[in-house]
Amino acid sequence: ARVVFISGDRIWDVSSRGGEPTSLVQSDPGVVLYTPSFALTDDSSQVLFYRAGNRIHSLDLETGESRDVVEGTVPVYAPSGHLLYRRSGGLWATPFSIETTAPTGEAFPISESGQWLSVTRDGALLYADYEGARQRLTVRDRSGATLRTVGQRNANGWPPTVSPDGRLISISLGGNIWVFDLARDVATRLTSSSDNEALPSWGPSGGELSYVALGANQLLSRL
């Protein structure tokens with residue numbers, strides 16, 4: 001397994017077992033990079049990220065080639081063949097070929113107020129639905145139908161992510177990483193350090209969860 005992360009003006013790649021990271025992309029002077037994520041397919045080597053100025057890019061880990069894709073932020077690729085992202089204050093989807101890393105249709109809106117989306121292998125969509133100052137986790141299918149809400153409204157939650165198999169949801173609450181088991185309706189605190197831990201991200205297998213300890217190095221926790 002590999003961990004792709006951003007530090008300084010570069011995107012880095014490192015084995016989940018540790019070792020020396022390898023620089024994949026260096027931004028232009030003064031241009032900030034954000035939120036790399038793997039395409040959720042078994043054979044794809046593509047990573048999606050966005051730059052300051054709200055431009056989404058793809059990065060091929062095998063060739064090192066980077067390509068400007070579309071306007072937006074926080075990109076996620078859905079196995080249904082859609083690029084999901086945030087734009088103009090809401091969530092959007094664009095039909096998208098992960099092989100050519102190019103749109104194949106017109107963009108359409110998903111939610112006017114949602115943020116921080118993630119998706120399972122079978123296409124269920126998770127995002128944070130903002131109403132006023134408080135947040136509520138909502139799971140929807142590809143048609144937009146609500147499957148369920150998770151937990152209570154909380155004003156201090158950081159980006160939620162759903163595991164590839166759709167069983168678990170990770171989120172940062174109160175500076176610690178929590179995992180919700182959807183089948184059992186149980187929440188478990190995964191970390192309890194004094195660091196402010198946030199931005200949890202599942203590995204493609206669902207057996208690993210990486211997160212950032214703000215002010216420290218990228219950390220990797222095995223479940």
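**View A. The salt bridge between arginine 184 and aspartate 181 in the predicted model.** Arginine 184 and aspartate 181 form a salt bridge in which the closest N and O atoms are 3.1 Å apart, the term standing for a side-chain nitrogen of Lys or Arg within 4 Å of a carboxyl oxygen of Asp or Glu. Arginine 184 is exposed, at a relative accessible area of 56%, whereas aspartate 181 is buried, at 12%; buried means under 20% relative accessible area, exposed over 50%, and partly exposed in between, with a 1.4 Å probe and protein chains only. This is a predicted model, in which local features need pLDDT of at least 70 and side-chain atom pairs count only at pLDDT 80 or more, while totals for chains, interfaces and linings use all residues. Residues are numbered from 1 along each chain as its sequence is written, and side-chain values use heavy atoms, with hydrogens and water left out.

**View B. The salt bridge between arginine 55 and aspartate 68.** The structure holds 3 salt bridges, and in the one formed by arginine 55 with aspartate 68 the closest N and O atoms are 2.6 Å apart. This pair links distant parts of the chain, with arginine 55 in strand β6 (residues 55-60) and aspartate 68 in strand β7 (residues 66-71), 13 residues apart; strands (E, at least two residues) and helices (H or I, at least four) are DSSP runs, numbered from the N terminus. Arginine 55 is partly exposed at 31% relative accessible area, and aspartate 68 is likewise partly exposed, at 36%.

**View C. The salt bridge between arginine 167 and aspartate 165.** Arginine 167 forms a salt bridge with aspartate 165, their closest N and O atoms being 2.9 Å apart. Arginine 167 counts as partly exposed at 46% relative accessibility, and aspartate 165 counts as partly exposed, also at 46%.

**View D. The open sheet with the order β17-β18-β19-β20.** Antiparallel pairing joins the 4 strands of this open sheet, where two strands pair if DSSP finds at least two bridges between them. Because β17 (161-162) and β20 (186-189) stand at the edges, each with a single partner strand, one side of each is left without a neighbour in the sheet. β17 pairs with strand β18 (residues 168-173) in the antiparallel sense over 2 bridges, and isoleucine 169 in β18 is the bridge partner of valine 162.

**View E. Arginine 87 over the face of tryptophan 92.** Arginine 87 lies 4.4 Å from the ring centre of tryptophan 92, a charge being over a ring if NZ of Lys or CZ of Arg is within 6 Å of the ring centre and within 35 degrees of the ring normal.
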